[in-house]
Structures are given as structure tokens and as C-alpha cells.
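The report below walks through a set of contacts and salt bridges, one part at a time. Please keep the sequence and the structure in view while reading.

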There are 4 protein chains.
Amino acid sequence: MHGTGVPLLTPFDGEGALQEDDLRELVAWVEERGVDFIVPCGSNSEAELMSVEERARVVEIVAEEADVPVLAGTGHPGFRETLRQTTLAAEAGADAALVVTPFYYGHDEDTMVEYYRSVANESPLPVYLYSVPAYTNVFLSPESVGELAGHENVAGMKDSSGNLTRLQRERARTEDDDFDLLVGSGSVYAAGLDAGADGGVLALANVAPERASEIYRLHRGGHDGQARRLNASLVELNRAVTSEHGVPGAKAAMRERGAPAGEPRRPHRPASEEVRAEVVELVRAAER
Amino acid sequence: MHGTGVPLLTPFDGEGALQEDDLRELVAWVEERGVDFIVPCGSNSEAELMSVEERARVVEIVAEEADVPVLAGTGHPGFRETLRQTTLAAEAGADAALVVTPFYYGHDEDTMVEYYRSVANESPLPVYLYSVPAYTNVFLSPESVGELAGHENVAGMKDSSGNLTRLQRERARTEDDDFDLLVGSGSVYAAGLDAGADGGVLALANVAPERASEIYRLHRGGHDGQARRLNASLVELNRAVTSEHGVPGAKAAMRERGAPAGEPRRPHRPASEEVRAEVVELVRAAER
Amino acid sequence: MHGTGVPLLTPFDGEGALQEDDLRELVAWVEERGVDFIVPCGSNSEAELMSVEERARVVEIVAEEADVPVLAGTGHPGFRETLRQTTLAAEAGADAALVVTPFYYGHDEDTMVEYYRSVANESPLPVYLYSVPAYTNVFLSPESVGELAGHENVAGMKDSSGNLTRLQRERARTEDDDFDLLVGSGSVYAAGLDAGADGGVLALANVAPERASEIYRLHRGGHDGQARRLNASLVELNRAVTSEHGVPGAKAAMRERGAPAGEPRRPHRPASEEVRAEVVELVRAAER
Amino acid sequence: MHGTGVPLLTPFDGEGALQEDDLRELVAWVEERGVDFIVPCGSNSEAELMSVEERARVVEIVAEEADVPVLAGTGHPGFRETLRQTTLAAEAGADAALVVTPFYYGHDEDTMVEYYRSVANESPLPVYLYSVPAYTNVFLSPESVGELAGHENVAGMKDSSGNLTRLQRERARTEDDDFDLLVGSGSVYAAGLDAGADGGVLALANVAPERASEIYRLHRGGHDGQARRLNASLVELNRAVTSEHGVPGAKAAMRERGAPAGEPRRPHRPASEEVRAEVVELVRAAER
């Protein structure tokens, strides 16, 4: 996966039921706006609030609709469930699997490396590592990343730490491998590309797919200064729809833009009127 | 639930398959050694590494075998999955549901209170709150606990923070309610009972059920000094089978004692020979 | 040091100038109310906001006025400054020195053990270890404590972690030494004594010296249940004047009780009217 | 201050005594290698292990020797000591003062803003804010930075968080002020300059002043790609002499390069032979 990926929000109705038609529309909506690949069942998709069956169904719908590659989130805290979900994603038409670091129970680095090796050995799909400390409190070391990059079925990584030192250390250890290093934090997308990343998977690409995609295209075209300036103009919007207000904030922002994003699922609660107003203002500023 | 509960380890074979006969035996093994209630599908049961269906099956087997009450772990990060798991647990014969604070996505206190209210409103079983910051990095405030204690379908709480200040603040806010406050950290069981807790749910009760149960009986019999001394003698064993070596350490300790505990499930790895030796020595010291 | 110690607040005027007469009065005020020893220049004394010379002067005044032993806080991040402050404290009449774990720069366990050994070797006063993770983010392991307890000039420890598991592990490793283990967290004083501590150094003993001292006397008289109940009734007050509102809250509470506590020093700001009202209510409840 | 600053290591002998002649030589050594300004008494100078008088003396020596501007570290946890140290630095010839966020006691954002306002009001030198969460566990918000940037005696900031999102948010809130934003983390120097920083204060500039200075010059000359590539080649060296092995590692690296860096002060211990070998190898790689 290269370029700009979107960890696609999943549309639910007010009762939390999956809205399949909205999901189909949403795929078209982001594709028209320039994203290079789609990531159903990532963290921003509320995958951890869905059943195994729902996750498989979401991947199936996205794979049916999408013209771009599909990188499906398939990680669980346990090996068996991760493998099951990955197999279901393969059957549903995904091109690759994004596997979050095992969470809940703590594991040392060696155990995590062995886990990923086992997953990669048995997975029917190429595996992307996924590190997202803000949700998991788990930090996969650059040394482990480098070790895993040599596995023939490990295809890359999404690093959502937002830490550019870490990203540079990962790149240095994987540059001789066929390993797609993807930035997972929208505020440092351009800087990550500068540091040698191959693309990004950005919550921001739900809310402002045109802008997120433009950052990549500017960079690839040699206009890295423009890419950084555009990215800098999106930092506050990105923050509002991620660390500050999360999925409820992102869904409010997308609805403002006319995208069929629906409501968040419980325990999430819909964004308050105050949050909605803040997010709308940031969306409008980004549209200018 | 009053007295000593055991978050029952789940026996798997070397491939990670559930060993149903061993599980049945294990229920008898802990009951014979004095525990007052059984908690299948708690954190120590590796519930987060099992499927929804497996968790329901484990509860069913334990409910069939147990003569004591069954408090089934049914929490997931999402509301729908928690409710589904709770309903399955009720059908499987559980007496109550232990619902972990929603994890992965961060939620503010108000959202957690609303979440628990929704679960309690719809749950077919009485609900016990479950706070285990070491795994979830989520801290439910004593104020929220006090607020929830007034709900007619909230029956109590397992607090695994190990923090006695917190436990006292929870007790002070729930003492006028019908609310079972359960200690979740084996090293402070006696101190927690001193502070007014009604019992405990202790990983230690897998490895040393006689000892854990004796702490409670001594305390109830007015011998709280003896209870504390016995508890103090178990602090290192408890630490070895929880924060230090986790479920793999606990399973090694149980096998040493002749219990059919089986192997841990991946990503967990079997305890190393070094860990096994350390744990065996602590088990033998506790048996004296 | 045995029994109840008070980390004596330091009275400043509105400009931050040390009020020597008030300090003398304060010594008498807490002694009359039953404390067993006094700790000038602890964390609650705002020692880290004072100069080396001021700290020495405060110790001198307290030593002149006090009829009970004086344990002077003398720790700095650096070895030389700690030794200088300890020597000044000895000259000023202190009986022993309380040395905080070196902070700011991180050090591994071996380095901390070597640091304490060097301080103890050269200190003219018996040394008490002082662990206060809430301020320093430094955790001294029970293993290191046990190792240091064998040094002839290491006399004890103040553990302000509030963690009873840790306290039990420290006690188990020091019970054969002449080592005074002191509880540093007012909410678990009685529980700490139950676990074998020799006393406490409690911010609470500034605000409610009679109550804090009574906990110890009840416990020593064999009334540990009464000690715990009294302690439980003080948990909210203790929290308000420590983790919740800090030194400004404690000074507001003392002024309400008629003690010449003065104002906090900058960056601290005087308690707001709202905080003052909250603290006053808790003080009055404790006086009943 | 613009360009590359060096938080100058302080040479001590094996007993911890300040080596004034070595310090003078060190000033010349870094100046010859291209640094644009010198920062005596920063964190990497072991300032927190020195007395007030020693810190003033170090500033005096550096100011006497230096041909470039001098930004002296003058922060303490307390307001009075910070102001005293700042006044001494002014008398010693410093050009500006670097004031770390108040640490040890926790303070809310409003209190930190008021603290910095008070310092800036009374300081005889222009004040630079200094945020270094790795040492202090204190995070000054970009909002507070923006608020303080408007003060006429607040001249800039050193941000050592290493967090590029944070740096962008600070820049956005200060770009209309006369406010020097300085990168404090050597691994993201080029990226920070890309994001609009005016320079850096880098531990790395002790060990590899030519390289650190070259990053800045390349960037200013419009060769930002080259600047980033050079910076990327220094990430492991930077890490070794900061987060991994700290001041002892940095001093070992400098001695290898022939600079009179001396030994670290206790509690620091000299780098082990193993660490020295690791650091030497990284230094040699950087020299190529």
C-alpha cells in the first residue's frame, strides 16, 4: 500500500445498527476525493466495538464497492481470533491485513515478535503491523519492526505513535526490505513522507480526503514544502477529530461535509452541540 | 457474592484448544479447596483471547459443574458485544455478570457511567463493575462507583487497582447500598476486608485456593491479625503469578500443585524453565 | 523515629518571606497536639522552593523549639548538594536526615543504591530513604530497600507511594534490620501499621495532628479496628490537602484551625475561595 | 537566539569538582566547530546537580570565553530561586535566561502561565520557556505558550518534547510574535526547522557540533532534503547520548572526540566500558 489510506468510519444508525447502504456510499465518497486505498475495520472504524461477523461483513461490502486496494483491520488480543478474522477478511476480498499489536495482556518484545511471526506464517493475506500506543499503551520497538520486516509475508506497518524519531528508526531498519511504512498520525503526514514513509493511514482522510490526498501528491511531485504547509493548516482539524473528540468528533465533521457517516456506537456518544460547532468551524476553514 | 472468588484459569492444550474435561475437573478442584464462588472468563481466564462462543461455552461448563455461585466475565469494549455476551452467560446458567470498564477507546467518566447504566438496564443478570487499570489503563472514579451503586441491577464491584485509598473511598460511597465490594488484588485481600470489602476475586485463589479462602474465614471469625499475617506470607507468590509472570506463571504454579491448568493461549507463551522453578519454590513455601 | 511525624508546613507571608515566629509557634502547636517527631523541609514544607540556606535555617528553628526528635529533609537531585544540606542540618541540630530518591535525571536501581550508600557513608546523621513517586516519578524497588537496610547508617524509610503491596514487600525485606518503616500516605496509615510499619510521616498531621496521633496510639494500644475506622473517616480530608489541592489546600485548612500556617510560596498560589470552603467543611467534620 | 545552540556539558573531575580550565577550552572547542550560541547550565550540563553558586560561576566562565550569545539555564522549582539564579546569570554576563517549567510540585496550566509572567516581569534578562517532559513529567500546552509569547520579555522557547505535532501547534500560536522557537530534540532538528523553528538547542551539538551546525546551515541554504538526510544519519548517535545513556554517554562520546568533557557528577556514574564502546562506534560513524 502506497499513498493515502483512509481508516474508513463505519456508519451506524442511532441504535447502533450497521447502515450498509451508507457504507457503500461512503466508499464512493472517499474514492471520488482521491484516496489511494481503504482501511475498513481500523481503530477509527470502531472495529473494537463490532462483532467478528460484523467486521467480516464490513470488509466484504468495502471490497465489493472499492476500486482501490483494501487493507482490512483484523487484529484481536488473541492469536486465534486474529487468524480467524484475517481468514474471513481474505474470503471477503481484502488485499491485506492490518494487525494491531496484541493488547490487554502485556507481552514482552520477544513474545510480540513471535506472535507476529506466527500470524504472518499462517495468514492468507500479507500482514501489516499496526502500532497505536494511544489506544493500546503498547510500544513495539523499531528493533522488532526491523526483525519482522524480513519475513516474506510481513508487508509493512502503520505507525500511529506520531513520533518522528521512532518513524526514522523504523525506516532505517526496513529500507532494504519490501516494507511499506505508513504514517498513522495526520499531523505529521508530510514530515513522515519526508522521512521516507510510503504513505499514510489517516483518520483525517475521512474528514478531508481531498486535502490528505493532496499532501501525498504534492510530496510525490517534489513539492514537499507545499505539502508541509498544507499539512500544517490541518493540524487543529486533525486533532479535533482524533485525540480531542475521537470518532464522535470525526462523524460530526463528516456529516457537516455531507458524507453519510452516521452515529457512533456505544459506549461512544454523539458529539455534543458544542463539539459539533467547534468541528464544523475547523472543517470550513479546511475547505477554504 | 461474598467471600473468596476465583477468576478460574481456562485449560488449553499445547495448540490452544479448550480442554473441557480439565475445566470440569478444575471447578471441582477449587471448590474442594474452599472457594465461595467462581468467576469464569475473567482476565486471568484469558477471556480476551477467546471467542464470544468459547466464552459462553466456558460459562456453561462451569455453571453445570459448580455448586457455588457463578459470576461470569462478560465485558467487551463495545456495548452490543457486552450485552450479547451477558445474555449468553445468563442462558448458560451464570448468576451474575462481571463487566470490565470499556477499554481501547478512551471515555470520560460521564460516558462510562452512562455505559454501565445502559448495560444494567438491559442485562438479564445482576451486574458487577470491574476495574483493572493494569490491563485497561482505565480508572473508574469512586464518585462514579457511588453513583452506579444506587442502580437496582448493579450488585457490586471488583476493584483490581490494589489501591487501598481507592477501596476506602468506594466503600464510603456504597455502604448504604446493597453493593458487594470485592478486592481484586491478592496482596491486599486482608487489608481490603479490614476496610469493609465483602470478599475478593483473586488470581491467587487459582494457585492457593485453601490459603486465599482461609484469609476470608479467619477475618470473618474475628482473627484479622492472623488473616493479615497469612496474607503477608503470600505476597511474593501472588506477585509471581500476576504482575511478574502473569497467566503463564499461574498455570505453571497450578500444574505443580496437580491441578489440570493446561497451557496458556497465544500470544502468551508457556513459562520458561527459570520462571517455572521460581514459581514452584514459592508454591512449596506457601504449602508449608 | 517511631509514631506520628509531621512534615511541617513552612509559614511564608504573602510575599513569600519566611515567618520565623510563626514557624516557632507552629512547632509548639503540633507538639501540643501529640505528634511524636517533626520533619522540617519535607515535600509538604515546600523545601524544593527554598534555598539551601533557608532550609538550614528552618531546621535550626525547628530544632531549637522542638522537644521531640527532628528528622530533616535534606535531599537534592545531586550528591554534593545533598551532602552539604545534610551537614548543615546536623549543625542545625537535626537528629536524622530524610533523603529523597534522586530525581530529575533518571537513574537505574544500581545507581540509586550506590547513591544512597555514598550518602550514608559520608552523612553525619542517620539516613532515612524517602520515596515519593507522585512528585518524583521515581520508584525505588523493595529489593533495593532491603539491600540498603543493612547499611549501619541507614535508619529507615518514608514510603509515600500509598501502595500497601509495596509496603509489605519492604517490611518483609527489612524486618531483621534496625529499620524504621514509615508510612507517607495519610489514607493508609492504620493499614500500614497493621502491615508492620513503625509510624508515619503524614501531611495530614499538619491539619489534624490530634487525629493522626490518635491513629497511632489506638493501634499501639491494640485497638487496630478503631484505628482503621478513625483513619477511614479522614480519607477525604487527607485527599483534599494532598493529591487534590496540595500545600495551598493544607495551608487553608490549618489557618481555619487557628494554626499560623501562612501562605504558600510561588509558583503555588493561595487556595481559591471555593477550595477553602471545601477544605473548611472537611476540617470541621474531622473535628467532631 | 537563532541557529544551533549547545547545552554545554560541564567538565568535572573524578571527585565531581568543576574543572574551570576544561570548561574554557570546551567553549572554544564547540565554537570552532560552528555552533551559533551556547547554553550553559541546561539539563545536559548537569545544572540540577550543581549549587546556585556553581551555576553562576559556570555562566560567568562561559560568558567570558564565548564570542557567540549565551543563553543561561536558570530555572528552579521555586520562583525565588529562579529569580535569584536569573539575576546572577545577568551579572555573570548571560544574554538571556532559559527557564524550565516548574517541576516537583504539580501545577495547573494557569499557575504555570502566572509563574512565567511573574518571572518575565522581574527578570533582568529576556526569558526563554523550556519544556522537557522526559525530565520533569510536565507538559506546557501550546495554548499557554501562545499566551506567553505576547509578553514583551518572553523571547522564545526550547521544546524538548520531540513531538512534532506539539511544535507545529506552538509555531502556529507564536508566528506573529517575536518568538524564537527552538527544537530541543536532536533527532527531529531538521523536521523542526521544516516546521518553522528558528534553531535548536541540542545535546547532540556537544558530541557532533559540526554535524548539528551543518543541519542548520543546509536548511537555511534551501537544502532541506540534505539537512534531513544528514539528521537521519545521526539519530542513533543522538539517542545513545540522550535517552539511552544520558550525560555519562555524552561525556564518553566527547572524550573520544578529544574534547575536555570530564566525568559526570554523582548520582551519575561514568559510562561502563560497554556503553563507551557503543558510543565510540557511533561517533566514528558520524565522523565519516
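This is a predicted model: local features need pLDDT of at least 70, side-chain atom pairs count only at pLDDT 80 or more; totals for chains, interfaces and linings use all residues.

D198(C) lies in the loop between α8 (189-194) and β8 (199-201) of chain C, while R171(C) belongs to helix α7 (residues 164-174) of chain C, so the pair ties together parts that are 27 residues apart in sequence. D198(C) is buried, and R171(C) is buried as well.

Over all chains, the structure holds 112 salt bridges. One of them joins E65(B) to R24(B), where the closest N and O atoms are 2.8 Å apart. Because E65(B) lies in helix α2 (residues 52-65) of chain B and R24(B) in helix α1 (residues 20-32) of chain B, this pair ties together parts that are 41 residues apart in sequence. E65(B) is partly exposed, with a relative accessible area of 31%, and R24(B) is also partly exposed, with a relative accessible area of 22%.

In chain D, E210(D) forms a salt bridge with R33(D), and the closest N and O atoms of this pair are 3.2 Å apart. E210(D) sits in helix α10 (residues 209-220) of chain D, whereas R33(D) sits in the loop between α1 (20-32) and β2 (37-38) of chain D, so the pair ties together parts that are 177 residues apart in sequence. The relative accessible area of E210(D) is 24%, so this residue is partly exposed, and R33(D), at 23% relative accessibility, counts as partly exposed too.

## Where chain B meets chain C

How many residues does the contact take from chain B and from chain C? The contact takes 16 residues from chain B and 16 residues from chain C. The size of an interface is often given as the accessible area lost when the parts come together. Chain B and chain C bury about 1,400 Å² between them, and 45% of this area is on carbon and sulfur atoms. Q168(B), R169(B) and R228(B) supply 31% of the area that chain B buries against chain C, which is more than any other three residues supply.

Across the interface of chain B and chain C there are 8 salt bridges, and one of these is formed by D194(C) with R228(B), whose closest N and O atoms are 3.6 Å apart. Between chain B and chain C, 8 residue pairs are in polar contact, counting pairs in which both residues have pLDDT 80 or more. On the side of chain B that touches chain C, at least two residues each come from α7 (164-174), α8 (189-194), α11 (224-232) and α12 (235-244) of chain B. α7(B) gives the most to this side, with 5 residues. The residues of the side of chain B that touches chain C divide into 5 nonpolar, 3 polar and 8 charged.

## Chains that do not touch

Chain A and chain C are joined by no contact, and their closest C-alpha atoms lie 18 Å apart. Chain B and chain D are likewise joined by no contact, with their closest C-alpha atoms 18 Å apart.

## E54 of chain A

E54(A) has its place in helix α2 (residues 52-65) of chain A. Is E54(A) buried or exposed? Its relative accessible area is 18%, so E54(A) is buried, since buried means under 20%. The side chain of E54(A) reaches the backbone nitrogen of S51(A) at 2.9 Å. Not counting residues up to four places away in sequence, E54(A) touches R265(A) and R80(B).

## Helix α1 of chain C

At 1.5 Å a residue, the 13 residues of helix α1 (residues 20-32) of chain C should span 18 Å, and the end C-alpha atoms of this helix are 19 Å apart, which agrees. The buried residues of α1(C) are L23(C), L26(C), V27(C), W29(C), V30(C) and E31(C). An α-helix has 3.6 residues a turn, so residues three or four places apart point the same way. The elements that cover the buried residues of α1(C) include β1 (3-7), β2 (37-39), α2 (52-65), α9 (204-207), α10 (209-220) and α13 (246-256) of chain C. α1(C) is followed by G34(C), whose phi is positive, near 105 degrees.

Note on methods. Residues are numbered from 1 along each chain as its sequence is written. Chains are lettered from A and ligands numbered from 1 in the order in which they are written. Side-chain values use heavy atoms; hydrogens and water are left out. Contact means heavy atoms within 4.5 Å. Buried area is the accessible area (1.4 Å probe) that two parts lose on being put together, summed over both. A salt bridge is a side-chain nitrogen of Lys or Arg within 4 Å of a carboxyl oxygen of Asp or Glu. A polar contact is a pair of N or O atoms within 3.5 Å; within protein, one must be able to donate a hydrogen and the other to accept it, and residues adjacent in sequence count only if both atoms are side-chain atoms. Helices (H or I, at least four residues) and strands (E, at least two) are DSSP runs, numbered from the N terminus. Ala, Val, Leu, Ile, Met, Phe, Trp, Tyr, Cys and Pro count as nonpolar, Asp, Glu, Lys and Arg as charged, and the others, Gly among them, as polar. Buried means under 20% relative accessible area, exposed over 50%, partly exposed in between (1.4 Å probe, protein chains only). The expected span of a helix is 1.5 Å times one less than its number of residues.
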